[in-house]
Amino acid sequence: MVTCSMDGRTLTVPKGSTILKAAEQAGIPIPHLCFLKDINEIGACRMCMVEVEGTERLVPACNTAVTEGMVIHTNSPRVRQARKTNLRLILSQHNSNCTVCVRSGNCQLQRLSHDLNIHFQPYEVQLERSHVDLEVPIVREASKCIKCMRCIQICDKIQGMHIWDVAGTGSRTTVDVSYNRSLKNTDCTFCGQCVTHCPTGALTVRDDTNRALRALADPEITTVVQVAPAVRVAWAEAFGLPKRQATTGRMVAALKRIGFDYVFDTNFAADLTIMEEGSELLERLSHRGKYRWPMFTSCCPGWVRFVKTQFPSYTENLSTAKSPQQMFGAVAKSYFAEKMGIDARKMCVVSVMPCSAKKAECELPTMRNAFGNPDVDVVLTTREMCRLFRSDCIVPGDLEETPFDSPLGTGTGAAVIFGATGGVMDAALRSAYFLATGTNPDPDAFSKIRGGKPWKEAVFSIPGIGEVRVAVVSGLANTRRLMEAVDSGRVEYDFVEVMACPGGCAGGGGQPIRDGAELASVRGARLWQMDARTPVRFSHENPDVQALYRTYLKKPLGEKSHHLLHTDHTAWSVEGETSR
Amino acid sequence: MSRLEVKMPGQAQAVVEQLYRNMERRIAASPPGLCPVDMALNFLNLCQAQTCGKCVPCRIGLTQLSNMIREVLDGDPPVGILRRIENTAQVIVDTADCAIGIDAAQLVLMGLKGFRDDYEEHILHHRCLGSLKNPVPCVALCPAGVDIPGYIALVNEGRCADAVRLIRKDNPFPVACAYICEHPCEARCRRNMVDDAINIRGLKRYAVDHAGPVPQPQPAPATGKSVAIIGGGPGGLSAAYYLALMGHRVTVYEKQKQLGGMMRYGIPSYRLPRQLLEAEIASILSVGIQVRTGVDVGTDITFDQLKRRYDCLYISIGAHTDKKTGIEGEDSQSVISAVELLRRIGDEEMPDFTGQQVVVIGGGNVAMDVTRSAIRLGAAKVTCVYRRRQEDMTAQAEEVEGAIAEGAEILTLQAPLRIEADEQGRAAALWTQPQIIGEMDRQGRPRPGTASVEPRRIPADIIIVAIGQGIESHGFEQSGIQIQRGGTLLADSSTRLPDLEGVFAGGDCVTGPATVIRAIAAGKAAAANIDEYLGFHHEIEAEVKVPTPRVTDLGPRGRVNCGDREAAERRCDFQCIECGMTKEEAVQESSRCLRCDHFGYGIFKGGRVEKW
C-alpha cells in the first residue's frame with residue numbers, strides 16, 4: 001500500500017495503482033476521454049492531467065502510478081487551464097454538429113465540453129475529410145474521430161481482428177482501416193465492439209430506421225417485428241427506467257405504438273433453432289465418423305464471418321441451422337403468412353437485434369426465400385429501436401404491459417438465455433438430453449458452462465450417447481485462441497458455442513452504450529434470472545413450436561426444415577481479404 | 001555613424017543559433033517511417049523562410065510549390081498536379097539566381113522521383129503509405145530488435161543479470177556487442193531532441209561487466225529435428241543458439257580451428273578481449289550445440305551430404321576472402337592481406353613487426369584494425385594510405401582517432417599505383433598517385449580524381465592490403481545455390497534460398513561484409529523461419545519484468561562517454577582499450593533514457609515485443 005495526498009485528502013491505495021484509480025476510489029472525478037480500463041491506458045487525450053508537487057510538468061492520471069508521499073492536485077489553476085486548452089484543441093478537429101449526431105446526449109466529448117464550461121473556441125476548426133460508406137453496417141465519420149485509439153485497441157486486444165489502425169504520420173495521423181483497405185474489402189466481422197467503445201459519434205452502426213418507417217407507412221404491407229432475447233434486458237437503459245418498469249411488456253407496448261402489425265419474439269425462433277440444432281448434434285453424435293469435429297453453433301453472424309475468413313477449413317463444422325433471426329423470417333414468410341392468408345411478398349419482417357453483424361447476415365444471398373425475397377427485410381439495433389420510440393415521443397414508463405402476439409411470440413426459458421454467453425449451449429443440451437433419452441434433465445444440470453469466464457469447458461454424460469465434451473467461448477480474440485488449440489489438437493470438443501461479442505449478445509455491438517461500463521454480465525444475469533422464473537424451460541416444450549412441427553414442418557431435420565431452416569455456409573464468400 | 005563596426009550578434013540571433021542546433025538534433029532524432037511527402041513539405045517551408053526575397057522563382061515559386069504540396073496532402077488536387085509541381089520546380093532550378101532557390105527546388109524534384117508512389121497515394125486515395133512500424137527508435141534501428149529501453153531500465157536498477165537475460169532474448173552475444181557493436185541504435189535516439197543520444201553500448205558494457213555468470217535457460221523438449229549450421233561466426237552461432245533453445249538438434253561446422261568467425265579472426269582482442277569472447281561462446285554452447293571445427297564444407301564433407309543428413313541447413317560462412325588491389329607488385333613478398341594477418345592473430349600466431357615500416361592500404365574499420373594491430377606488433381611506423389579524405393573513411397571516427405592517438409599516420413588522397421620490390425622480391429615502397437577530391441557520387445560521397453601532382457613514393461617493409469573482403473562461394477554454386485554479382489549468395493529477407501528446400505542463408509555471405517549485429521539478426525530470423533519450416537512455432541521470451549517508468553526529468557545534461565586507456569600505454573599490448581562506466585556514471589546515463597517504450601506511441605503500440 002502507498003499513501004498519497006489528493007486535493008488535501010490523504011489516500012492509501014494498493015501499490016501500483018494509477019492516480020486515476022486512486023481518485024476514483026476516493027470519489028474524486030478526474031475527466032478523461034481516451035481511457036478505457038485495461039484496454040486503452042495510453043494517455044493520448046491529455047484530459048486527465050493532474051499536478052504532482054515536485055514535478056515540473058503535469059502528469060496523466062490514467063497511466064501514472066501513485067508513489068509514496070505523492071501530493072496531487074486535480075483542480076489547480078494549471079490543471080484547469082490545461083484541460084480547457086486540450087479540450088479546445090480536440091474540438092478544433094471535431095465536427096461538433098451535435099444537433100444532428102446520433103450520439104448527442106450520450107457523448108463523452110459533448111458532456112466534457114459542457115462540464116468544463118467551454119463556450120468559446122479560439123482555434124480555427126479544421127475537420128478531416130470524411131467519406132461515409134453505407135454499404136456495410138459499420139459507419140465511420142472521420143470528422144468526428146478524436147483519435148482516442150479505443151477502436152484500434154478493442155479490435156486488436158479483445159477481438160484480435162486488427163481491422164482499425166493508425167494511418168498517416170505526423171500531424172495528419174488518423175485512424176483508418178488497416179493496410180489502406182476499405183471496410184467492405186476486409187474480414188471485419190461487423191461485431192460493432194468498436195462502435196460501442198467509441199466515445200463520440202465517429203463510429204456508428206448504419207441507421208436503417210427509415211426503411212422500417214417506410215414499410216410502416218405503406219398500408220399494403222404487413223409489418224412483422226421480432227425482438228431478440230438480449231434486447232429486452234438492455235433497451236430500458238436508454239430511458240433510464242427503474243428495474244420495475246424496464247420490462248419486456250412495456251417494450252412490446254411501445255413497438256405496438258410504433259405501428260407494427262405483429263410484435264413477435266425471436267425467442268420462438270430460438271426454441272426452433274434448438275429443435276433443429278439439437279437434433280443435428282444428436283445426428284452427428286450418433287454418426288461420429290461421418291462428420292468433422294467439433295460441431296460449432298451458427299447463430300452468431302460475427303462468428304460465422306470469423307470462421308469463414310480465419311479458419312475456413314472449419315466452415316463445414318458449423319451447424320447448418322440458420323440463426324434464430326433468419327429462422328424467424330423464414331417461418332414468418334411461410335407458415336405464418338399461409339396461416340394468416342398474407343401474401344409473403346407483401347410482408348416486411350423487421351428484427352430488433354443487439355447486434356450490428358445481423359444487418360450483414362440478413363443481406364446474405366443464402367438468406368432468401370423461394371421468391372428471392374430476403375427472410376428478414378430490415379434489421380434494427382436496440383439503439384435504433386430506442387430512437388424510434390423517442391422520435392414518436394413514446395414514454396415507455398407510462399405504457400401498459402403488453403404480451404407478444406401469437407403464435408410466433410411464445411418462448412421458453414431455454415430461448416431467452418440465447419442472449420448470454422453459454423445460453424445456446426445450455427438450451428441445446430437440455431433438449432438434446434430429452435431427444436436422446438425421452439426424459440427431461442434438471443434444467444440446471446448444465447450450469448457448469450454458465451458464468452463470466454471467457455472460455456469455459458465441461459464434459460456431460462447423456463445416457464445412450466455417452467460423454468459430450470463441450471466448450472463455450474465469447475470474444476473473438478478468445479475464440480482465436482480456442483480455434484488454435486482445436487486446430488493443433490491441444491483440445492478436443494464435440495460441441496462448441498461461440499459468440500463474437502464478449503459476454504455474448506447481451507454485450508452486443510447494437511446495445512445501448514454507456515461509456516466506460518461493460519454491461520454484458522449484468523444484462524446476462526437478468527436473462528438467466530428470466531430463464532429461472534419461466535415456467536417452461538425446455539425448447540421442446542414450447543407449445544407453438546410443437547404446433548409448428550405438428551401442422552407444418554413435420555419433424556426436425558425434415559425436408560421442409562431443410563429448405564426453410566438450414567443453410568449452406570459455403571455458398572457465399574466474404575469479399576474482403578484477410579490481414580494476415 | 002561609425003565608419004566600420006565590429007559585428008556583434010544580437011540576442012535574437014543568438015537564440016536563433018541555439019534553435020538551429022536544437023533543430024539539427026531534432027532532425028537527427030526523426031524516427032523511420034514518416035510520410036516523405038509531409039517531410040518534403042516541411043523542409044520546403046524551411047527553405048522558404050531562407051529566401052532573400054530578391055528573385056521571382058525563389059520568392060514566389062517556393063511558396064507556390066509549398067501550396068501545391070499542401071494541396072496534395074490536404075486538398076482534392078487534380079491528377080495533373082504532379083506535373084505542375086515538377087515543371088515549377090524545374091523552372092526554379094533553371095532560373096533562380098543562387099543556391100537558396102536552386103537547392104530547395106532540387107529537393108522537391110528528388111522527392112518526386114524518390115517517392116512518387118507516396119504522392120500518388122495521397123492524390124488518388126487521400127491516404128498515406130507512411131506508417132510508424134516501430135515507435136521506439138533504438139529498437140527500430142537495432143537489426144536484432146533488442147529491447148534497449150528495457151535493459152537500460154534494468155541497468156538503472158542495478159539488475160545487470162536481468163539485463164543480460166533480456167538482451168539474450170534477441171541477441172545471444174550481449175558481451176561481444178557490449179564491446180564492439182557499431183550501435184546503430186544510437187543514431188536516432190529521441191534523447192537527441194533534448195541533448196544527446198544515450199550511450200547505449202556503454203550501458204550494455206556496464207551490464208555485462210557487472211552481471212556475473214548468467215546461466216542459460218533450459219531448452220524446449222527435443223523435437224527430433226536436426227539442423228546443420230555452416231560457419232560458426234556470430235550469425236551461425238546465433239541461429240544455433242535459438243534453434244537449440246527451441247529443442248532442435250544443432251551441429252555447427254566451422255572451417256577454422258576455433259569458433260567466433262570475424263569476432264575472433266577479424267576483430268583484434270584490444271577491442272574484444274579474447275577470454276570474454278571465449279566465455280560467451282562457451283555459454284552459448286552450454287544450451288547443447290554440437291561443434292565440428294576444422295571441417296571445410298566442400299572439401300571435408302560435401303554440401304549435398306549435409307543436406308541429406310540434416311532436416312535443414314543454415315549457411316553463414318561470412319566474407320573471409322581478401323580483395324586484391326590489382327596493382328603491379330602486389331605479389332611481392334611481405335605484401336599481406338588484412339584477412340590473413342587478422343586470422344593469424346586470431347589463432348594467437350603473432351608476427352613480429354619490430355622496427356618495421358608498415359603501410360596499410362584502405363580506409364575502413366578493417367584497415368584501422370590492422371593499423372592498430374601493426375602498432376602493437378612493434379612496427380616503427382605505420383602509415384594508413386587512403387584514396388579519399390579522412391572524413392570520407394568508412395571506418396568509425398573513434399577508430400581513426402584512436403589509431404592516430406596511438407601514433408598511426410593517416411595519409412589521405414593517395415591512390416595506390418604500384419608496389420616497388422627490392423632485388424629479393426620484397427616490397428620496398430608503395431607508389432601512390434596523389435588525388436584531388438571531386439564531385440559527389442550518388443550516395444553523396446565525393447569521388448577522388450587524379451591530381452596534377454607527381455606520384456609519391458612511400459617506403460615500406462610490409463604492406464597490408466585492407467580494401468575489403470569477398471565470399472568464398474564457388475563451392476556452393478555447384479549445389480544449385482544462386483550466386484549474385486559480387487559473389488554474395490541469393491537469399492530473401494526471411495533468409496530462405498530460392499528453389500532450394502530447407503536451405504537458409506544469412507549474414508555477410510548474403511549481404512556482403514557488414515556488422516556483427518546484422519549477422520546476429522540474420523541468425524535470429526533464420527532460427528524463427530527454420531523452426532516454422534520444420535513445423536513448429538516455438539516462442540523465445542525472457543522472463544524478466546521491465547521496471548515501470550517513472551515520471552521523467554527532461555532537463556538537458558551531458559552524455560557519459562566511455563574513456564580509453566592512455567594511448568602510450570595501450571599501444572604496447574593487446575589488452576582492452578576502452579574503460580567501462582563507473583556505477584555512478586551508469587546510473588546517471590541510464591536515467592537519461594526517455595523510455596520510448598512507455599512515453600509517446602510506445603505505450604499504445606509496438607513499445608515492447610515480449611516474445612518472437
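In what order do the four strands of the open sheet in chain A lie, and what is the pairing? I found the order β12-β17-β16-β15, with mixed pairing.

**Conventions.** I note that this is a predicted model, in which local features need pLDDT of at least 70, side-chain atom pairs count only at pLDDT 80 or more, and totals for chains, interfaces and linings use all residues. Residues are numbered from 1 along each chain as its sequence is written, chains are lettered from A and ligands numbered from 1 in the order in which they are written, and side-chain values use heavy atoms, with hydrogens and water left out.

I took helices (H or I, at least four residues) and strands (E, at least two) as DSSP runs, numbered from the N terminus. Two strands pair if DSSP finds at least two bridges between them. Strands of a sheet pair through backbone hydrogen bonds, either parallel or antiparallel. The edge strands are β12 (295-296) and β15 (455-462) of chain A, each of which pairs on one side only. I then looked up β16 (residues 466-474) and β17 (residues 495-499) of chain A, which pair in the parallel sense over five bridges. A:A471 has A:V496 in β17(A) as its bridge partner.

**Helices on the sheet.** I used contact to mean heavy atoms within 4.5 Å. Axes are lines fitted to C-alpha atoms, for helices over the stretch in contact, and angles run from 0 to 180 degrees between N-to-C directions. Helix α14 (residues 423-437) of chain A lies across β15, β16 and β17 of chain A and runs at about 150° to β17(A). Helix α15 (residues 476-488) of chain A also packs on the sheet, touching β12, β15, β16 and β17 of chain A, and its direction makes about 145° with that of β16(A).

**Aromatic pairs.** I counted rings of Phe, Tyr and Trp (its six-membered ring) as a pair if their centres lie within 6.5 Å; planes under 30 degrees apart are stacked, over 60 edge-to-face and the rest tilted. The search of the whole structure gave 20 aromatic pairs over all chains. The ring centres of A:Y335 and A:Y552 are 5.3 Å apart and the planes stand at 50°, so this pair is tilted. The pair links distant parts of the chain, 217 residues apart: A:Y335 is in helix α10 (residues 324-340) and A:Y552 in helix α17 (residues 543-553), both of chain A.

Are these two tyrosines buried or exposed? Buried means under 20% relative accessible area, exposed over 50%, and partly exposed in between (1.4 Å probe, protein chains only). A:Y335 is buried because its relative accessibility is 7%, and A:Y552 is buried because its value is 12%.

I also found a cluster in which ring pairs link A:F296, A:W303, A:F306, A:F311 and A:Y314. The charged end of A:R292 sits over the ring of A:Y314, 4.6 Å from its centre (NZ of Lys or CZ of Arg within 6 Å of the ring centre and within 35 degrees of the ring normal). In chain B, the charged end of B:R376 sits over the ring of B:Y270, 4.0 Å from its centre.

**Two residues of chain B.** I located B:T383 in strand β8 (residues 381-385) of chain B; its relative accessibility is 6%, so B:T383 is buried. Beyond its neighbours within four places in sequence, B:T383 is in contact with B:V358, B:V359, B:V360, B:E409 and B:L411. I placed B:A104 in helix α5 (residues 99-114) of chain B, and B:A104 is buried at a relative accessible area of 1%.
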